[in-house]
Amino acid sequence: MPTETFEFQVEARQLLQLMIHSVYSNKDVFLRELVSNASDALDKLRLEKLRDDALDADVSDLHIEIDVDKEARTLTVRDNGIGMSYDEVGKLIGTIANSGTATFLQDLKEAKDAAGAEGLIGQFGVGFYSGFMAADEVTLVTRRAGESQGTRWTSRGEATYTLETVADAPQGTSVTLHLKPADPENQLHDYTSPWKIREIVKRYSDFITWPIRMVPEAAAPSDGDAEGDGDTAPEPETLNSMKALRARSRDEVSDDEYHELYKHISHDWREPLETIRLQAEGTFEYQALLFVPSHAPQDLFARDFKRGVQLYVKRVFIMDDCEALLPPYLRFVKGVVDAADLSLNVSREILQQDRHIRMMQRRLTKKVLSTVKEFMTKDSDRYATFWREFGTVVKEGLLTDTENRDAILAASSFATTHADDEPTTLAQYVERMKDGQDDIYYITGESRQSIENSPHMEAFRDKGIEVLLLTDPVDEVWVDAVGEYRGKGLRSVTKGEIDLAADGDEKAGEEREKQAEDYAGLLGWMREQLDEDIKEVRLSARLTVSAACVVSDSHDLTPALENMYRAMGQ
Ligand code: ADP
Ligand code: MG
């Protein structure tokens, strides 16, 4: 097949431009990205071979190799992993599938200065393309395990890339960076220096469980007396310790090392909010290393959001996104779980049924929830960040996880009329309840502003009764499902008859009876006029300023839910 030229997808082109004219000062991370991809490729191949013994692939010495050629100014990262087919190269390298990228690019355009742009790049992984921070041309040669023909991809990072088939490519992938001209002013970015490579690998990729080897450049041939000993091929040097962090004791591992592992498995470039370690001994042994991200991913609510943590069995990678290990409402948690006694051939379907996996799920879930509770009591800033990013998702658990409902409620907080910018827990609300108040009052709606000004709120404001202001769609649903908290009912201020008089003085009750007689004629007339649209007209104690408001029955849907169901065609 002749060499073919293709155009990058628009978003891909924009990203590439960004990398080439990069303002990002930490260029070293390109090596982390290439090593990370190589490591993934080795994981995938080992697994595929495990599942399909007939696969024609050599898995005897899986490793990553870094070669530097000072003379040619090239740096090559090579793996003998799964590789890519011709079509896969075009699809995986020529386009950007990540839906968050479009938003990222938009934000970037709006970033006014270089510092702003740098901050943004630091937040979003750009994976393979980061090579263009250091190179003005990148060549990738790959052959998918089990296939006979290889593919060469080349690009200068401009509008196009070329693809051609090659006959003699080794199994796996090699990525060669043709490094930008040396900057004599800045020796820091000399990526042809073995010292530099060693340092970067140690810093960012030490925990990678495959050997990362570097072959020193062959020493210049000396005056011919080397003949005879025949042993001149330099020994490759392994740069990483290959120790899985989850297997090392806590005080042996620095926060930075944990963070680099997080970045590798999550493809997030930002630091996580928290690292959680768990060791289970006994009949079913496992080690877990979980990370709570510091930011919700863009696609957290997308139907195809990839959730779950990586599953290993006795150090062997089994799957990404193992959804059986955590419930859906903790789908943002990343991490690694390594179990001792599971079949290597375990499938997703089997996992959902497995008794041990269920046990693990229960334990991991409780651990995450107790960690959040700990944020709440020990580090309110961290709690605030967590709740802002993930509160909406966590509240889904109030509907689905009755076993942990109390723990979820205890870790939840809500906007309230009690304070403008400080949320409250239900426990705090109950503590502040007035004498004789039996219920926890809430109102739901789209925004704090719109519900705070609702006529339903008038009497509560007047009487100084606190109302929770719930603005997430899920709030509509969980309040009904949960119903009460420590014997106090959860009551919407917009539903049914609310007798605030009972909370206050008795005289008001008598007064209302008299009013009802006085207004009987008017109410009757209104009932007749509005017969088609409403069930009943009644005098209300809930208004102080507005003349009238529409109220639904206690068991009716709220307007927002009604809209939601209507939109869903029900
Ligand atoms: P990400 O790693 O976040 O998916 P990248 O831009 O780093 O994004 O890589 C894009 C895709 O290209 C990877 O998901 C993988 O499918 C493929 N890929 C990249 N490098 C390799 C490699 N060394 N071997 C096999 N596939 C690779
Ligand atoms: Mg990657």
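First, the ground rules. This is a predicted model, where local features need pLDDT of at least 70, side-chain atom pairs count only at pLDDT 80 or more, and totals for chains, interfaces and linings use all residues. Residues are numbered from 1 along each chain as its sequence is written, chains are lettered from A and ligands numbered from 1 in the order in which they are written, and side-chain values use heavy atoms, with hydrogens and water left out.

Now the ligand. Which residues are around ligand 1? They are Asn37, Ala41, Asp79, Met84, Leu92, Ile93, Gly127, Phe128, Thr173 and His267. To be listed, a residue needs one of its heavy atoms within 4 Å of the ligand. Sorted by class, that shell has five nonpolar, four polar and one charged residues. The classes are these: Ala, Val, Leu, Ile, Met, Phe, Trp, Tyr, Cys and Pro are nonpolar, Asp, Glu, Lys and Arg are charged, and the others, Gly among them, are polar.

For Asn37, a polar side-chain atom lies 2.8 Å from an oxygen atom of ligand 1. For Thr173, a side-chain N or O atom is 3.3 Å from a nitrogen atom of ligand 1. For His267, a side-chain N or O atom is 2.5 Å from an oxygen atom of ligand 1. A polar contact here is a pair of N or O atoms within 3.5 Å; within protein, one must be able to donate a hydrogen and the other to accept it, and residues adjacent in sequence count only if both atoms are side-chain atoms. Taken alone, ligand 1 exposes 530 Å², and the protein buries 76% of that. Those areas come from the Shrake-Rupley method with a 1.4 Å probe; for residues, only the protein chains shown count as cover.

Helix H2 (29–51) and helix H3 (86–94) each supply at least two residues of that shell. Helices (H or I, at least four residues) and strands (E, at least two) are DSSP runs, numbered from the N terminus. Let us check H2. At 1.5 Å a residue, its 23 residues should span 33 Å, and the end C-alpha atoms are 33 Å apart, which agrees. The expected span is 1.5 Å times one less than the number of residues. Is H2 enclosed or open? 17 of its 23 residues are buried, so H2 is largely enclosed by the rest of the structure. Buried means under 20% relative accessible area, exposed over 50%, and partly exposed in between (1.4 Å probe, protein chains only).

Back to His267 for a moment. His267 lies in the loop between helix H7 and strand S10 (274–280). Its phi is positive, about 60°, although His267 is not a glycine. Met242 is another non-glycine with a positive phi, about 65°. Met242 sits in the loop between S9 and H7 (255–266), and counts as partly exposed because its relative accessibility is 31%.

Next, the sheets. Nine strands form an open sheet with mixed pairing, in the order S1-S6-S5-S4-S7-S3-S2-S8-S9. Two strands pair if DSSP finds at least two bridges between them. At the edges are S1 (4–7) and S9 (237–238), each pairing on one side only. Inside this order, S2 (residues 64–69) and S3 (residues 74–79) run antiparallel and are joined by six bridges. Val68 stands opposite Leu75 in S3.

An open sheet of six strands has the order S16-S15-S18-S17-S20-S19, also with mixed pairing. S16 (419–424) and S19 (484–485) each have a single partner strand, so one side of each is left without a neighbour in the sheet. S17 (residues 439–444) runs parallel to S20, with four bridges between them, and Asp439 stands opposite Gly489 in S20.

Thr494 is buried at 14% relative accessible area, and its side chain makes a polar contact with the side chain of Ser492 (2.8 Å).

Last, the hairpin. S12 and S13 form it with two residues between them, and Lys314 in the turn has a positive phi of about 45°. S12 (residues 309–313) and S13 pair in the antiparallel sense over four bridges. Five of the seven residues of S13 (residues 316–322) are buried, so S13 is largely enclosed by the rest of the structure.
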